[in-house]
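Reader: Could you walk me through reading aromatic contacts in a model like this one? I'd like the general idea, then the case at hand.

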Amino acid sequence: MISGGNLVNGVWESSKSSPHFFTKNPQNEKSLPTAFEEANEDQIQRALEGASESFESYRTTSFETRANFLSAIQKELQAHKEEILIYYQKESALPQGRAEGEFQRTLDQLQRFVELLQKGIFANIRIHTQGPDIRKMLFGIGPIVVFGASNFPLAFSTAGGDTASALAAGCPVIVKGHPYHAATSESVARCISNAVQKCNLPSGIFSHLTGASHELGSRLVSHPLTKGVGFTGSFKGGRALFDLAQKRTEPIPVFSEMGSTNPIFILENQLQTDAAVLAKEIAQSVLLGSGQFCTNPGLIMIHDPSGKSHFYKSLCNEVKGAELAPMVHSNIEKQYQEKLKELSNTNALNSFYQAENCAAAIGEVSASTFIKYSHLAEEVFGPFTLVVSCKTAEELIELANALPGQLTATILGTSSDLASSKKLSTRLQLKTGRLLFQGVPTGVAVTQAMQHGGPYPASTDPRFTAVGTDAIHRWLQPIAFQDCPQELLPEALRNENPLGLLRSINGELTTEAL
């Protein structure tokens, strides 16, 4: 049962004196019945004190204990699936299939971290006995503040990848639930809280705070007990949190994934032979989830020397008559429409098409004009893409050079195209976290090899990923023990290797004891 309160150190609290806010159904913009309370200064303080106090014991829990905890969260989520998905659909207006898919992805992410903990390789254990005895491994950095994402109420929110990876790392988590899906967030938070109790873990390792104002987030990031931040959202929001964290007496890492235009480069032969199929596939990607994916392809660079390609028209035909769900909340919708208005009123575009039945829109511009007007490279978050026509291969390289950092970039070409595109590939490697050579960028596999991050402004630190099991490394730091007595060493570093972990001993990987 949703209370609208705040979870502080294992206790759901309610205060009639706190300011209240309501979520809305995007289908009709009507407020939903539950009133949610803005977390106050005292609750923030106690949540972070509890997280800091519990960190000392939680950071040293066994990998098995943490794996069992994440498995318990899975079980709680499965037991409350029906309730969670009811709130999810009321607050997001996303269809049943999307709700089911995102719920399963949330479970799968947790499972990947369970498996990671069971293997223990992530701890990066190094032992050097030749000379001074030095033993090193990775430990959690401390309490982490996680901001729920607006476009993924489950997979990038309360029990999403940031929370799962931080808990797996041995870090307590304080979730700042997104105000547009507060009921969904609370229902998931209750599952995590139940799992904490059933696993007999310190209650301070998880708190859930709500608030509609930016002040709550600012206080959480500025608090001296916060040691790291995970954020998925707009460039404006992510940069503001990053700047705030750097102004602290003790600066802390802020891992913000802030969006991207995810350019697709279609090379000459591919365009000539496969334009109609590509238009259909790309249109489906642009429309997916009403365009609210961070990997939505917002730029399509086509190499069209003759200027006779009908790709733009084909793309417009593919979105004509499309029916889309409303955006997950009114603020995204408002910002999207404002961006479209700016683009349609500019003289830079050769053409601008807006669908009659939905919010989908497509623009067309020449490469020279695109390079001249830098604002055309900015993300338009929603079901929009801009087709950029190039006459020469050199223009493709110019476009690649003009792009800011991206989450993804895609090169589509025939074998003959790709053989001559090494220079383009090399340039794009400097601009992106993930480079594709087939298909479209929407769809992010939750695997160890996935990179979901990229050079600024796509993210605040391109060395790390927000998706996949390597996301755990955002919340870890190395600690080395020199000439340390065996009884004071963590179990993973002791001679007998009681956990049976794979370790590097004097440069050789082995599970053997010393």
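Author: A search of the whole structure finds 9 aromatic pairs. Rings of Phe, Tyr and Trp (its six-membered ring) pair if their centres lie within 6.5 Å; planes under 30 degrees apart count as stacked, over 60 as edge-to-face and the rest as tilted. This is a predicted model, where local features need pLDDT of at least 70 and side-chain atom pairs count only at pLDDT 80 or more, while totals for chains, interfaces and linings use all residues. Residues are numbered from 1 along each chain as its sequence is written, and side-chain values use heavy atoms, leaving out hydrogens and water.

Reader: What kind of aromatic pair do F63 and F122 form?

Author: A tilted one, at 5.0 Å centre to centre with 50 degrees between the planes. F63 sits in helix α2 and F122 in the loop between α4 and β7, 59 residues apart; helices (H or I, at least four residues) and strands (E, at least two) are DSSP runs, numbered from the N terminus. Both residues are buried, meaning under 20% relative accessible area with a 1.4 Å probe, protein chains only.

Reader: Why is the pair of F152 and F293 edge-to-face?

Author: Because their planes are at 85 degrees, with the ring centres 5.3 Å apart. F152 counts as buried at 6% relative accessibility, and F293 is buried at 15%. Ring pairs also link F152, F156 and F293 into a cluster.

Reader: Which residue lies over the face of F152?

Author: R98, at 4.6 Å from the ring centre. A charge sits over a ring if NZ of Lys or CZ of Arg is within 6 Å of the ring centre and within 35 degrees of the ring normal. Likewise, R190 lies over the face of W12, at 4.2 Å.

Terms used:
Buried < 20%, exposed > 50% of the residue type's maximum accessible area, 1.4 Å probe, protein only.
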